[in-house]
Amino acid sequence: MEYVYAALLLNAAEKEINEENVAAILTAAGIDADDARVKALIASLEDVDIEEAIATAAVAAPAAGAAAPAAAEAAEEEPEEEEEEEEAEEEAAAAGLGALFG
């Protein structure tokens, strides 16, 4: 994750995201940079517009957050329905017992 943070920091500073700069940030943070991971990061970011990715993620996060309250409401409604069903079953059982003992 530190590698991604280094790339984001370079992007925020409007610096070129390359192996040398990422390694320099990691070293400055006290992290022993793995050359293979740095190269993999640079290769994976080659065709990525970081600003667009951040904007897309920022839009997707609230949408996911908005779905959570709806799911919570649905979860709250289910116990009410179950309670109503249980009450109906108990009433039916009580009526059956009442018929036995007149």
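**The nonpolar core and the helices around it**

Author: The largest nonpolar core is formed by nine residues, namely Tyr3, Ala6, Ala7, Leu10, Val22, Leu26, Val38, Leu41 and Ile42. At least two residues of this core come from each of helix H1 (2–12), helix H2 (19–28) and helix H3 (35–44), and H1 provides the largest share, with four residues. A core here is a set of buried Ala, Val, Leu, Ile, Met, Phe, Trp, Tyr and Cys residues joined through side-chain atoms within 4.5 Å; buried stands for under 20% relative accessible area, exposed for over 50%, and partly exposed for what lies in between, with a 1.4 Å probe and protein chains only. Helices (H or I, at least four residues) and strands (E, at least two) are DSSP runs numbered from the N terminus. In soluble globular proteins, nonpolar side chains tend to be buried together.

This is a predicted model, in which local features need pLDDT of at least 70 and side-chain atom pairs count only at pLDDT 80 or more, while totals for chains, interfaces and linings use all residues. Residues are numbered from 1 along each chain as its sequence is written, and side-chain values use heavy atoms, with hydrogens and water left out.

In H1, the buried residues are Tyr3, Ala6, Ala7, Leu10 and Asn11. They lie on the same side of H1 because they cover an arc of only 140° around the axis, the arc being that of the directions from the helix axis to the C-beta atoms. Tyr5, Leu9 and Ala12, by contrast, are exposed on the other side of H1. H1 also gives the most, three residues, to a nonpolar patch, and this surface patch of about 480 Å² is made by Met1, Val4, Tyr5, Leu8 and Ile54. Patch residues have over 30% relative accessible area and no salt bridge, with like charges joined within 9 Å and nonpolar side chains (Val, Leu, Ile, Met, Phe, Trp, Tyr) within 5 Å; a salt bridge is a side-chain nitrogen of Lys or Arg within 4 Å of a carboxyl oxygen of Asp or Glu. Accessible areas come from the Shrake-Rupley method with a 1.4 Å probe, and for residues only the protein chains shown count as cover.

Just after H1, Glu14 takes a positive phi of about 55°, although Glu14 is not a glycine. Glu14 sits in the loop between H1 and H2 and is exposed, at a relative accessible area of 74%.

In H2, Val22, Ala23 and Leu26 are buried, and they are on the same side of H2 because their arc around the axis is only 95°. Glu20, Thr27 and Ala28 are exposed on the other side of H2. The cover over the buried residues of H2 includes H1 and H3, where a contact means heavy atoms within 4.5 Å. Following H2 comes Gly30, with a positive phi near 85°. Ile42 touches Ile17, Asn18, Glu19 and Val22, if residues up to four places away in sequence are not counted.

Of its 102 residues, 12% count as buried, and among contacts between residues at least 6 apart in sequence, 50% join residues at least 24 apart. The accessible surface of the protein is about 7800 Å², 56% of which belongs to carbon and sulfur atoms.
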